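Work through the two exercises below with the sequence and the structure side by side, and try each task before reading its solution.

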Amino acid sequence: MDTPTSSLAETGQKAEAALCESEVRYRTLVKATGAVTWSCPSSGLYNEPQPEWMAFTGQSAEEMLGDGWTKAVHPADLAAAGSKWGEAVASGLPFSNEHRIRRHDGQWRWMRVLAVPILDTAGNELCWFGSNVDITDRKVAEAKLRTSENRYRRLFEAAHDGVLILDPDTRKIVDANPFMTGLLGYTREQLIGIELYEIGFLVDAQQSRDMFQTLKAMRHIRYESLPLKNQDGNVREVEVVANLYDENGRSVIQCNVRDITDRKQAETALRQSHDTYLNLIENNPFGVYLIDSDFRLAQASASVQKAFGAIVPLIGRDFEEVVRILWQEPVAGEVIAQFRHTLETGEGYHSKDTTGKRANRNTVESYDWQLERVKIPGGRFGVVCYFYDFTERKHFEEHIGLLMNEVNHRAKNLLAVVQAVAKQTAKHSSPEIFMERLSERIDGLATSQDLLVKNQWRGIEVANLVEAQLAYLKNLVGTRVQLDGPPLRLTPAAAQGIGMALHELATNAAKYGALSNSEGRVRISWKVTPAEKPTFSMSWSEDGGPSVAPPTRKGFGQTVIGRMVEAAVDGTAETDYQESGFSWKLDALVVNTLETDTEKGSASDANR
Amino acid sequence: MPIDKQERTRILIIEDEPMLALDLEEIIVDAGFKLAAIAGKLDKALALIESGGFDAAIVDANLAGVSASPLAFEMTARGLPFIVLSGYSSEQLQGAFPRALFLQKPCRPDQIIQALNTICPSNKIVSNRSNQE
């Protein structure tokens, strides 16, 4: 066993060495924290220089001793620090505060100051031991974060988009901004803790689960347009964008909800208005197209392609090329020159009638067209052309003109005939009966004229002509007047001549012949006799009337049923004045009398 | 009216409306002309012009829808005088009958006779004489 003394001394030396080593280790550790350490009595007045404080603040020993150190503390923070110090001293509990201290370079640094009282073995207070840690960087970062948080909170609160924060696991709403609550008509409290489908976002829980699944997989989901029924039952159209974010190791879903009802309505209105105008342009009988500043065809309505004929491609094509496809000269050159003139000068143009030969169609067409210079998007000029194809109308107008001339011609011709009839009637009648005879004959002419017009000058059925000319004997037709013949159609010229002859025959029969008594009869028959050149025959035979004698004097009636009708049909007419009854017979070639099926009757057949 | 002079002026009537053709015939015969023939169709008229036998003609401008201008051409080529009678105005027939003497339907008999006298100088003398007698 070693001697106790030596062993005690050894033990003391060893303990001192251990203590020394511990202190070194301790000081190194404190230094490593970057802290400024200090010690002072409870008075807070330094009684000995603090090297670390002096190094940090740049204060000399003289400057810092006593309360000199407070000059390195930010004046704004000093009072609070002082009062806390007082409390700590009074209570004996550790002092803790954050305040600014001026560094040696003059910069104010936020320091976290901690101090504990060191007690002697008897428990009496000896002094306070403190450490100051520079927390400026943390403070700045915290402030920045707070500012940023406030800023985003304000955005969240003031946004004109609805924002919902969702928990991806429970699918429940975690937060909703005021706009969202306003949009839905729920309070924030009502919204928190419920699922989207419960506020009408998605159809049902299943759809809600599907959406969250997609969102977890894709981290993003966008609904361009969803109907959203708010608590008042009004349906709003919303656009929804949902994103999945990681937030401190947890996932959150942020849903941005934009009310696009007004935009949608505006879009719909705009589209409808656009469609309406487009329809108006596309379906109007006028063609509209636009030539751009490079003289290319920029836009064209549907009617343009129809009028142009299939020109492919049309849009974007050089307009001069297009015009030369469409028109022969001189129209092509004139049109190109006019477009260029309007494009260059801005002078409008209107052609009421441009008629010319088309180059890509074998037609002559007429157009009314108008040019205007317009500003096109991009600020450049273009020329818009409105045109109207009035080829048909022009033909129609020309046709009307021809008809008017025709009417004039026929009227004059008829007047000439009336003049001749009047002259002949006057020559063969006494003044007393002149008016009566002339009126009858004019009636006869008018009757045939009516029939011709009704049949559009395409010929008249023989039976119709006979019935018309015998109209005032109508009640006798079928009894004392027998009609017998096949359906045959007389040419307008033959009808007019034969009509006049029938009128004279009927007048004569009623005045002097078989129809002048109560029992006489008339038989009117017609037929076609087939031959190499078929003939048409018509006969009028009377019996049962007063006894007949040949006329002593040749009257106008004889001329009409003789030479006149012969000339009309280029045929022969025979009259027979047998005592038992008068008879008349007309023979002519079918080609001179009847309409044939192949020969289309027309107005011009009767021109004379 | 001297018979020899009347018979020297034979008139061809080309008119497709028989009533008017007969009326024209009466008008010219009453005035002392002689009727050569009546034709109502273009082909018949052409044949008559071909065979001759008339000194002047009255031509309806339109025969059953066909222009009578070929007849005018033929007669002009043969130096035969004629007047054109039509329901159309002369403007409407412009070009079809160059330099022809026009009469519009309806017209008075004396206008026809006067026109015939204008184109047939020999007959005009006859008529003037007959007027003086």
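**Exercise 1: the interface**

Task: find how many residue pairs are in polar contact across the interface of chain B and chain A, and which elements of chain B take part.

Solution: Across this interface the rule finds 8 residue pairs in polar contact, both residues at pLDDT 80 or more, where a polar contact is a pair of N or O atoms within 3.5 Å, one able to donate a hydrogen and the other to accept it, and residues adjacent in sequence count only if both atoms are side-chain atoms. On the side of chain B that touches chain A, the elements giving two or more residues are α2 (18-30) and β4 (62-63), and α2(B) gives the most, with 9 residues. That side divides into 12 nonpolar, 5 polar and 12 charged residues. The model is predicted, so local features need pLDDT of at least 70 and side-chain atom pairs pLDDT 80 or more, while totals for chains, interfaces and linings use all residues. Residues are numbered from 1 along each chain as its sequence is written, chains are lettered from A and ligands numbered from 1 in the order written, and side-chain values use heavy atoms, without hydrogens and water.

**Exercise 2: the salt bridges**

Task: determine how many salt bridges cross the interface of chain B and chain A.

Solution: The rule finds 3 salt bridges there, each a side-chain nitrogen of Lys or Arg within 4 Å of a carboxyl oxygen of Asp or Glu. In one salt bridge, the side chains of A:K427 and B:E26 meet at 2.7 Å, N to O.

How values were computed
Helices (H or I, at least four residues) and strands (E, at least two) are DSSP runs, numbered from the N terminus. Ala, Val, Leu, Ile, Met, Phe, Trp, Tyr, Cys and Pro count as nonpolar, Asp, Glu, Lys and Arg as charged, and the others, Gly among them, as polar.
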